[in-house]
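Here are a few friendly notes to read alongside the model. Please keep the structure open as you go through the points.

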Amino acid sequence: MLCLIAQFAPSLLGNDIIKKSTSLSWIWKRIRKHYSFSQSEANYLKLSTISKMENERYETFYQRIIAHLEDNLRTTSSDILHDGDRIVEDEQMSPTTERLAVYIWLTLIDNRLPQYISRVYSHDLQLKSLKDLQPQLAENMDSLLQEINKQEEISVQCSTTSRRSGLTPI
């Protein structure tokens, strides 16, 4: 099995993996070190650099956000302290974190989306979590964005018309 893992790892690490590894955790830590992306809070803050790439599917964009969060979950093998203590149990993705990932995804696509989704999907959001709605939102994202833009256009036209006619907008 170690030979198989070594085949997919950087060639410089092959011997280390085969001869020195003690666990899969050790291998992963060694690969991270090789590529200089060991766990650090600086790596976590790179979340701010994630943005949707041109022609990227909305679902793929969401999966990149999830992958970043999963890669930055706290583990016992990390040397980073939390509240001054070492982590004693590997962190798992919580429902709140999953919901937060959907929120981040929505705001990075268009900062008007969370408010729009809360209004249009208010009934669904009483029965389902935001995470449960995410696949449906990804599938309908283009039409959701068109609807937001259409509503904004109507709002702008309405306020422009009311100013010209001397009426105060409601």
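1. Lys52 places its charged end over the ring of Tyr58, 4.7 Å from the ring centre. A charge counts as sitting over a ring if NZ of Lys or CZ of Arg is within 6 Å of the ring centre and within 35 degrees of the ring normal.

2. A word on the basis: this is a predicted model, where local features need pLDDT of at least 70, side-chain atom pairs count only at pLDDT 80 or more, and totals for chains, interfaces and linings use all residues. Residues are numbered from 1 along each chain as its sequence is written, and side-chain values use heavy atoms, with hydrogens and water left out.

3. Do look at Glu56, in the loop between helix 4 (41-44) and helix 5 (58-71); helices are DSSP runs of H or I, at least four residues, numbered from the N terminus. Glu56 is buried, with a relative accessible area of 9% (buried means under 20%, with a 1.4 Å probe and protein chains only).

4. What does the side chain of Glu56 make a polar contact with? The partner is the side chain of Arg64, at 2.7 Å. A polar contact is a pair of N or O atoms within 3.5 Å; within protein, one must be able to donate a hydrogen and the other to accept it, and residues adjacent in sequence count only if both atoms are side-chain atoms.

5. Tyr62 and Trp105 have ring centres 5.6 Å apart and planes at 70°, so they pair edge-to-face (centres within 6.5 Å, planes over 60 degrees apart). This pair links distant parts of the chain, helix 5 and helix 6 (residues 95-109), 43 residues apart. Tyr62 is buried at 2% relative accessible area, and Trp105 is buried at 0%.

Methods: Helix = DSSP H or I, 4+ residues; strand = E, 2+ residues; numbered from the N terminus. Buried < 20%, exposed > 50% of the residue type's maximum accessible area, 1.4 Å probe, protein only. Phe/Tyr/Trp six-rings, centres within 6.5 Å; stacked < 30°, edge-to-face > 60°.
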